[in-house]
2 protein chains.
Amino acid sequence: MDIDEFVESVLSEINDYLKGSELVIESISHNSLKKITDLALPLEGMGYQTVLSDINHFLRYSVRTDHPGFMNPLWGGMNITAFLGEVIASLANNSMYTYELSPVATLIEQSLIRRMCEIVGFGDGNGTLTTGGSNGNMIGMLCARYRINPLGLRTGYDSKNLVCFVSEESHYSVRMSATVLGIGLDNLISVPCDVNGKMRPEKLTEEIEFAKLNGQIPFCVIATAGTTVRGAFDPIKEISEICTDNNLWLHVDAAWGGSCLFSAKHRHLMDGIELADSLCWDAHKMMGIPLVCSAFLAKDPDSLSKVYNFTDSANYLFHEETSEVDLGRFSLQCGRRNDALKLFLAWREKGDAGWAKLVESYMDLAEYLEQKIVESENLELMSSREWTNVCVRYNIEGQDLNELNSKIREQIRINGKYMVSRSTLNNAIILRPVIANHSISKDTIDGLVNEIVTVGNEIISGIPQK
Amino acid sequence: MDIDEFVESVLSEINDYLKGSELVIESISHNSLKKITDLALPLEGMGYQTVLSDINHFLRYSVRTDHPGFMNPLWGGMNITAFLGEVIASLANNSMYTYELSPVATLIEQSLIRRMCEIVGFGDGNGTLTTGGSNGNMIGMLCARYRINPLGLRTGYDSKNLVCFVSEESHYSVRMSATVLGIGLDNLISVPCDVNGKMRPEKLTEEIEFAKLNGQIPFCVIATAGTTVRGAFDPIKEISEICTDNNLWLHVDAAWGGSCLFSAKHRHLMDGIELADSLCWDAHKMMGIPLVCSAFLAKDPDSLSKVYNFTDSANYLFHEETSEVDLGRFSLQCGRRNDALKLFLAWREKGDAGWAKLVESYMDLAEYLEQKIVESENLELMSSREWTNVCVRYNIEGQDLNELNSKIREQIRINGKYMVSRSTLNNAIILRPVIANHSISKDTIDGLVNEIVTVGNEIISGIPQK
């Protein structure tokens, strides 16, 4: 097989894949998959024919994240424009550190950051594309620490007394950030939530006062706009007032919920966001851009260049003449992919109006799913719904519901028509389908509800499952 | 234009691009590019026809990193297999956090990490693909800090007294790492290099003793295998002995030089690497894999899971049953792209022997370039050559050589046939072509040498340039 044949065969494999598939996943055990996958990295090359079989095998046993039944994580679906944008970015293989090496891509990323800042209400804000929401939360914490002590950049920080506040339902990446920055997990204070999973402002005030009495130094609050399990939005306005009163940096983890800002109908969920100091917002979640496409935005345009002054030493990369346009000065990465193009192209195709429509259609579908659950005899809604996360379990008397729901979830996955997440809420195991995939329709939702009920009924009736 | 036409047109654009181009870059000023680039993110969608023009414009004004004249950064060239691997990974759009969502990709990444550990000499080692060498250096520093005080993860670190040692020619990302971890830039001790740019072990010993006398706590040494400007390799064996004597973690930044390990002829450059505690190694540099593809490897297989215990709180993502195979437990990212497939496929195609051949052919070409420079009347080799970096300047009496070489470099870029980096060595501005692009041949090198000399001659003769 020569290279032209190889390229042609791969393109035809891609075309076949884009035609879709009946199942989300061809279920196979870890052991079996290991047995049938040739993982050897050989001494001598095996050529294009082998690579083609590898690709075929990879696609066959991968989860079909473009399938309508894929309602598991906070992302999914196949946006063809964004996918092709990703392909073009790989083809050009630019690195985003200098304008010189990425002229068009730099202009595009700047345009995206500017527009996202406008939407947030950070008039003169600045920002950067990052490696994901986790990274964005870390950068927020980094800016917050710099603010209370800029000199620490040179002298080092004593982080035994710095405390940061997050809701008890925040994403685990805030724990990652505290670990990396050396803040210490004990200095990450969990603020209790109300019954809907939202941070309680009065509890935040209490915790801040308690920390101060303890001789600790509060420096940051991280609020969440769209929690992972319930999709709850912390009350940003009230939290921001507390931050102002206590001179604290407010970072908002809007990785999941940020896209509500496109919709006039739903942007109230993030009321007060313009009062925050920074946020992260993942375009690879609700906006359906291929992984990874995530923005960190700061209200003070100089936040990043102040903290990131380490780039000044890199005379082999950054030159004085282009200091205004070299995005590497605003990034924790040196070599960095062009994640901007795919989002830019999708935005050009859809416009703000297209994003708004997408968000609203997802909310409608989530409401529809909620209704279906409420109407279903054996299904129980496990949390109020604010965003497109739907927390549900199968409920019937006389059963260990945690065991039963774990079994139901696993069986649904094995059946292969749907895939939903398993989570824990107040020690109850729940299923959490989420709407973040543009191929989902009402029919998909009818099918999912039917699948959960049928599998549940069959398990409790002792009908053998495959 | 409907979606099928759109897809077809983009694929045909890709095919055209793959046919190559005469120039590395169609030179255009920042202002002009801004004027002719439509950067608007519109209210209403503009459809596929606009996106197609955007793609065309993007490719036209992007730097051709696959062009043989592209000898600027430590990466380049177009490995078709790896590029198609990237396309397939985007198509499947998996996230690497759980085995369940990325079954084949998980097995593939594990296989790569295992093989890279074997090559390094970390028999039972473990690791993860990261977002780049900068990130890998930070993770190394993180593991080092954990080792001197595991309890700090809970209580926070007092980083005012922690000191880390690097050579004065290390990459700026070690400064980034110190900033993020809160170590403080003053606590990053620069160890002097010898005339070839290699860290001097006796100076390292002195600095460690001095720090201890000062009441500081040394915790980490970061050696470099392949520095950015000269391609120098720090003497790992001698440094590792000093680390052992002083109970210090040794991390090696082998982002650029790691690939020498494939070649029996050149792997001596990293003699003693098996004595290090961790390293990073970029497959997107010399191995020509599209950006980003970078590994962090640690000798102690538990290094990462110990430092990363923050994942334990994420019951919505990680379940007990699959704790052994969920790669998210070893990563600072939550959502993470599949960067493994492209490297795996290229490795399957080429084999270890193919990588060795690549490394050796690059070294031969670098030697050829060095010879050409030595033989050329007006060119001066500015550093001894150990790897494929070649440091050169145009030298003639009675000229401001810094100004002249800056001009030469800029003029070469404008001419568009070659692109080389501009760096500073001992206050001298130099040109630094590097061999890291498989389309470079001896002809390319002849052409480059001729271009530097011609442009230099023309500038000093006052011949107007375009």
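Me: Two strands count as paired when DSSP finds at least two bridges between them. Which residue of strand 11 of chain A stands opposite A:Phe70?
Reply: This is a predicted model, and in it strand 1 of chain A, made of residues 70-71, is joined to strand 11 of chain A by two bridges, with the two strands running parallel. Two bridges are what the pairing criterion asks for. Within strand 11 of chain A, the residue that stands opposite A:Phe70 is A:Met419.

Me: In strand 12 of chain A, which residue is the bridge partner of A:Arg422?
Reply: Strand 11 of chain A also pairs with strand 12 of chain A, residues 428-432, here in the antiparallel sense and over five bridges. Looking across to strand 12 of chain A, the bridge partner of A:Arg422 is A:Leu431.

Me: Which residue takes a positive phi in the hairpin of strand 11 of chain A and strand 12 of chain A?
Reply: Most residues other than glycine have a negative phi. In the hairpin that strand 11 of chain A forms with strand 12 of chain A, two residues lie between the strands, and the one that takes a positive phi, near 50°, is A:Asn426.

Me: How many of the seven residues of strand 11 of chain A are buried?
Reply: A residue is called buried when its relative accessible area is under 20%. Strand 11 of chain A, residues 419-425, is largely enclosed by the rest of the structure, because the number of its seven residues that are buried is six.

Me: What is the radius of gyration of chain A?
Reply: Chain A holds 14 helices and 12 strands. For its 466 residues the globule rule gives 23 Å, and the value for chain A is close to this, so the chain is as compact as a globular protein of that length, with a radius of gyration of 24 Å. Along the principal axes, its C-alpha atoms fill a box of roughly 65 × 65 × 45 Å. The value asked for is thus a radius of gyration of 24 Å.

Me: What percentage of the contacts in chain A between residues at least 6 apart in sequence join residues at least 24 apart?
Reply: Buried residues account for 67% of the 466 residues in chain A. Turning to contacts between residues at least 6 apart in sequence, the share that joins residues at least 24 apart is 73%.

Me: Does A:Ser383 count as buried or exposed?
Reply: A:Ser383 is placed in the loop between strand 9 (379-381) and strand 10 (392-394) of chain A. Leaving aside residues up to four places away in sequence, A:Ser383 touches A:Arg230, A:Cys391 and A:Leu425. With 9% relative accessibility, which falls under the 20% cut-off, A:Ser383 counts as buried.

Me: Which residues of strand 12 of chain B point the other way from B:Ala428, B:Ile430 and B:Arg432?
Reply: In a regular strand the side chains alternate between the two faces of the sheet. Strand 12 of chain B, residues 428-432, is largely enclosed by the rest of the structure, because five of its five residues are buried. While B:Ala428, B:Ile430 and B:Arg432 point one way from this strand, the buried residues that point the other way are B:Ile429 and B:Leu431.

Me: What is the relative accessibility of B:Asn93?
Reply: B:Asn93 is found in the loop between helix 4 (80-92) and helix 5 (103-120) of chain B. Phi of B:Asn93 is near 45°, a positive value in a residue other than glycine. B:Asn93 counts as buried, since its relative accessibility is 8%.

Me: A cis peptide bond joins B:Leu291 to which residue?
Reply: Most peptide bonds are trans. In the loop between strand 7 (278-282) and strand 8 (294-298) of chain B lies B:Val292. The bond in question is cis, with omega about -10°, and it joins B:Leu291 to B:Val292.

Terms used
Residues numbered from 1 in each chain as written. Chains lettered and ligands numbered in written order. Predicted model: local features only at pLDDT ≥ 70, side-chain atom pairs only at ≥ 80, totals over all residues. Heavy atoms only, no water. Buried < 20%, exposed > 50% of the residue type's maximum accessible area, 1.4 Å probe, protein only. Helix = DSSP H or I, 4+ residues; strand = E, 2+ residues; numbered from the N terminus. Rg over C-alpha atoms; globule rule 2.2 N^0.38 Å. Contact = heavy atoms within 4.5 Å.
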